[in-house]
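Morning, everyone. I have one chain to walk you through today. Please have the sequence and the structure open as I talk.

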Amino acid sequence: MFCALTMSIALLGGQSEWPGFLGAGPVAVQPESVPLSWSPAKGIAWKAALPGYGQSSPVIQEGKVFVTTVEGPSKETCHVIAINLADGKELWRQSIKSSDPVKSSLYVSRAAPTPVADRQAVYAFFESGDVVAFTHDGERLWNRSLTVEYGKFKNEFGLAASPVQTDDAVIVLADHEGPSYLIALRKSDGSTLWKSDRTSRVSWSSPALVPVAGKAQVVCSSAGSVDGYDPATGKLLWTYADVGGNTSATPLPFADGRFLVGASVGREAKNAEGAKKSNFAMAIQSAGGQPSPEVLWRTEQAMPTFGSPVVFAGHAYWVNRTGVIYCLDAETGEPRYTERLKQSCWATPLGVGDRLYVFGKDGTTSVLRAGPKFELLAENQLWDPAAVKPDPAKAEAEPTEERRRAAAMFSGPVQYGVAAVDGSLLIRTGEALYCLRP
């Protein structure tokens with residue numbers, strides 16, 4: 001079981017909270033309470049416009065949805081916004097000034113880290129290094145700047161790692177070309193509980209809390225290593241270094257001491273050699289009382305893009321950059337099927353009941369029946385593609401012709417992240433939040 005964690009499972013098997021990136025724990029949403037199919041004219045309970053732009057996922061606590069965005073030509077304003085889950089009305093908006101303004105671009109992260117929330121507060125981390133805590137009513141508890149204290153982040157495409165939380169701490173991973181580290185901040189006042197230095201590396205992956213023999217470990221899969229830390233002290237417990245290309249995927253747990261590692265070739269296939277051997281299931285074993293990582297099985301064909309591989313209903317799923325989904329047996333790694341979906345997938349798939357929801361980048365969500373055989377249950381469009389008119393000014397703002405051409409293709413809406421509780425499925429794009437209900 002997960003220990004010392006703020007969990008997303010409510011009593012009686014239902015789910016009323018989604019407190020962090022990818023749910024931060026097992027998903028127990030009642031299948032009949034979320035829709036199988038929807039369209040722009042059916043199933044959208046409400047749509048909330050958001051100021052600025054954001055790539056983070058929503059989180060849910062106490063009937064409130066919390067989202068983050070940045071605004072301004074240099075991302076100089078960082079927003080935390082509370083929205084009423086019932087009707088989509090904005091409850092409050094609090095803003096702080098970025099301590100490290102950087103020109104806003106399609107190529108640089110824009111409010112990419114997802115916040116975490118518990119029953120007292122919401123804690124947001126921005127790629128500027130600013131960390132801020134607000135009560136559910138919007139009262140600021142504390143804020144601090146990691147870049148002011150420990151140096152600016154050096155990463156051409158920004159930072160994207162979402163924090164994780166324990167009962168007492170918010171844990172932030174800051175991996176970049178400069179001095180990298182993992183740091184735990186006390187929830188009550190933002191003070192440092194511990195800080196563990198790491199080797200410099202370029203990565204956008206988020207850490208995960210993995211249960212190992214009844215105790216949680218912070219597992220970081222990031223650009224050349226997979227590492228396990230004690231969340232109470234920050235002590236490095238183990239390292240696995242025979243890995244490469246693991247710069248985006250979160251190591252999601254699927255059983256005690258077991259999780260998936262995802263790796264991709266990256267831009268211009270720079271990580272091809274390492275990524276080919278770095279998509280696998282890992283187990284943390286106890287050798288002489290010391291935790292030790294062991295690869296259970298590997299897949300050389302399956303590779304993710306920005307989304308993470310997941311295990312659901314006994315099967316592991318990867319979705320690659322061209323929209324091909326790979327299904328494997330979670331125990332053995334034996335391939336079950338390989339099929340092409342309508343779109344590539346930037347968000348991580350979500351399993352509910354006997355369904356797997358795969359959120360295509362350009363608004364199409366494919367709903368598959370979970371299991372060893374490919375069965376498409378529904379194909380849903382969140383917006384009308386014909387009504388989307390990309391803003392050419394966004395592309396023209398890019399500094400090189402190569403980036404301008406690419407930006408013209410990627411300046412429309414993107415399904416970035418989701419959250420689910422009983423009765424509601426939320427999908428977030430850069431400028432809007434959608435709530436879907438049966």
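First, a caution. This is a predicted model. Keep that in mind throughout.

Now the overall picture. The secondary structure comes to four helices and 32 strands. The C-alpha trace spans about 60 × 50 × 50 Å along its principal axes.

What is the radius of gyration of the chain? It is 20 Å. For 438 residues, a compact globule would have a value near 22 Å, so the chain agrees with that expectation.

How much of it is buried? Of the 438 residues, 58% are buried. The accessible surface is about 17,200 Å². Carbon and sulfur atoms hold 51% of that surface.

Contacts next. Take the contacts between residues at least 6 apart in sequence. Of these, 53% join residues at least 24 apart.

And charge. There are 42 positive side chains and 45 negative ones. The centres of the two sets lie 3 Å apart.

On to the aromatic rings. The count comes to 14 aromatic pairs. Let me show you two of them.

Start with tyrosine 123 and tryptophan 142. Their ring centres are 6.5 Å apart. Their planes meet at 35 degrees, so this pair is tilted. Where do the two residues sit? Tyrosine 123 is in strand β7, residues 121–125. Tryptophan 142 is in strand β9, residues 140–145. That puts them 19 residues apart, and the pair links distant parts of the chain.

The geometry here is edge-to-face, with 5.0 Å from centre to centre and 80 degrees between the planes.

Tryptophan 346 has a relative accessible area of 21%, so it counts as partly exposed. The cut-off for buried is under 20%. This pair also belongs to a cluster: ring pairs link Tyr53, Phe306, Trp346 and Tyr416.

Now two single residues.

Valine 132 is in strand β8, residues 130–135. Its relative accessibility is 1%, so it counts as buried. What does valine 132 touch, leaving out residues up to four places away in sequence? The list is Val80, Ile96, Val122, Tyr123, Ala124, Phe126, Arg140, Trp142 and Asn143. For a sense of span, look at alanine 283. It is 151 residues from valine 132 along the chain, and their C-alpha atoms are separated by 34 Å.

Last one: glycine 351, in strand β26. Its relative accessibility is 13%, so glycine 351 counts as buried. Set aside its neighbours within four places in sequence, and its contacts are Val27, Phe312 and Leu356. Now compare glutamine 290. It is 61 residues from glycine 351 along the chain, with 33 Å between the C-alpha atoms.

To recap: four helices, 32 strands, 58% of residues buried, and 14 aromatic pairs.

How values were computed: Residues are numbered from 1 along each chain as its sequence is written. This is a predicted model: local features need pLDDT of at least 70, side-chain atom pairs count only at pLDDT 80 or more; totals for chains, interfaces and linings use all residues. Side-chain values use heavy atoms; hydrogens and water are left out. The radius of gyration is taken over C-alpha atoms; the globule rule is 2.2 Å times the number of residues to the power 0.38. Buried means under 20% relative accessible area, exposed over 50%, partly exposed in between (1.4 Å probe, protein chains only). Contact means heavy atoms within 4.5 Å. Accessible areas come from the Shrake-Rupley method with a 1.4 Å probe; for residues, only the protein chains shown count as cover. Lys and Arg count as positive and Asp and Glu as negative; His and the chain ends are not counted. The place of a charge is taken as NZ of Lys, CZ of Arg, CG of Asp or CD of Glu. Rings of Phe, Tyr and Trp (its six-membered ring) pair if their centres lie within 6.5 Å; planes under 30 degrees apart count as stacked, over 60 as edge-to-face and the rest as tilted.
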